[in-house]
Amino acid sequence: MNNRIYYGEYTLKHWIDLMLKKNIVLPPYQRSFVWDENAVFRFVKSLKEHQFIPPVTIAHFTTDEQVNTNYILDGQQRLTSILLAFLGYYPNKENFKVAEMIGTEDDGAVDEETVIENIKKPIEWTFNELLKYSTPDIIKARLSVDSIYKKLKDLGISEEFFENTFIGFSYVIPETVDPKEIQRYYSMIFRNINYLGSTLSLLESRKSLYFLNDSFEKFFDAKTANNDDVLCDLKILDNMQPCKIDFVRYLSTLSQYSIKEDATEVMKGYSSYKSRENYYADYVSYLVGLEQENNIDKFNGFDFPSIFPNNIWENRFETLKNIISQ
């Protein structure tokens, strides 16, 4: 598939206008803001000192209803920080729900990355929360009286800073209208940008792999046909945090066991926490037709269409939900 990729740069003020006018939007899987105030300060300092800032990646997508959308594939934290610096306010994290995390404890295989993942505590907040107000002046006025936001300390920047400071971009336009081809292409981009070293949580990283893939979204998200949670919103305690049960973990291990029929062969070679996450992500990649990281034959023989003909998994999910609810 031949794709067009354009490169350029916009002023910070233009990026802010694009966000406020909803000319660029966040994909639904991105629902967490991670950076703390210090990260915002450091980012603004880098801009003031004209240091290198990685470009923002925007991707064009046309829905079946012929609605054109420009998704922010990479750059949410940077763009959000620019907007917050411009407004002079920051979400008070104590007033927001911690973003849903999946349990990461793995049978005693705990390492430093496990701890870091939970300490970050991203919040269920994105700049979308600010877009309900029409102009920057109205946003500032509302935030000034809203106790869930707090004023940022003086960053030493003026209006001219936003008018004269630039951040680059890459703009991707697929040369196809086939939704499956577009989904596959964007999932590969998501994986390269986000999964291989990003601020996305594990849950968001995996979601990026099957984003726009209607065939698998409910399957991986443990949702029934009616969008009910198969596991009835059960939570487990992980590092003293209530976390979502990692349903993909069970799907992937059971799927490999159905092929191997030998428990000792399941997850063979995946002993540490980091490599196990690679295993779970590879399972998602295998089913949606993306490249796996390693041991690429581990799921060979798991023929999804023949094991779940006519999407019979939907009926099984409903049965599982009913049993759990009882």
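1. Two strands are taken to pair if DSSP finds at least two bridges between them. Helices (H or I, at least four residues) and strands (E, at least two) are DSSP runs, numbered from the N terminus. The model is predicted: local features need pLDDT of at least 70, side-chain atom pairs count only at pLDDT 80 or more, and totals for chains, interfaces and linings use all residues. Residues are numbered from 1 along each chain as its sequence is written, and side-chain values use heavy atoms, with hydrogens and water left out.

2. An open sheet of mixed pairing is formed by four strands in the order 1-6-2-3. Strand 1 (4-11) and strand 3 (68-74) stand at the edges with a single partner strand each, so one side of each lacks a neighbour in the sheet. From one strand to the next, the twist averages 30°; angles run from 0 to 180 degrees between N-to-C directions, and axes are lines fitted to C-alpha atoms, for helices over the stretch in contact.

3. Eight bridges link strand 1 to strand 6 (residues 166-173) in the antiparallel sense. Tyr-6 has Tyr-171 of strand 6 as its bridge partner. Helix 3 packs on this sheet, where it touches strand 2 (56-62), strand 3 and strand 6; contact means heavy atoms within 4.5 Å. The direction of helix 3 makes about 100° with that of strand 3.

4. Helix 1 (residues 12-20) also packs against helix 3 (residues 76-87), at an angle of about 100° and with the axes 10 Å apart. The two helices are therefore roughly perpendicular (65 to 115 degrees; under 35 is roughly parallel, over 145 roughly antiparallel, and the rest oblique). Helix 1 contributes Leu-12, Lys-13, Trp-15, Ile-16, Met-19 and Leu-20 to the contact, and helix 3 contributes Leu-79, Ile-82, Leu-83 and Phe-86. By class, these are nine nonpolar, no polar and one charged residues (Ala, Val, Leu, Ile, Met, Phe, Trp, Tyr, Cys and Pro count as nonpolar, Asp, Glu, Lys and Arg as charged, the others, Gly among them, as polar).

5. Phe-86, in helix 3, counts as buried because its relative accessibility is 10% (buried is under 20% relative accessible area, exposed over 50%, partly exposed in between; 1.4 Å probe, protein chains only). Leaving aside residues up to four places away in sequence, Phe-86 touches Lys-13, Ile-16, Pro-136, Lys-140, Glu-159 and Phe-162. Glu-159 is 73 residues from Phe-86 along the chain, with 8.3 Å between their C-alpha atoms.

6. Strand 7 (residues 235-238) and strand 8 (residues 241-244) run antiparallel, joined by four bridges. Asp-238 is opposite Gln-241 of strand 8. Two residues lie between the strands of this hairpin, and Asn-239 there takes a positive phi near 55°.
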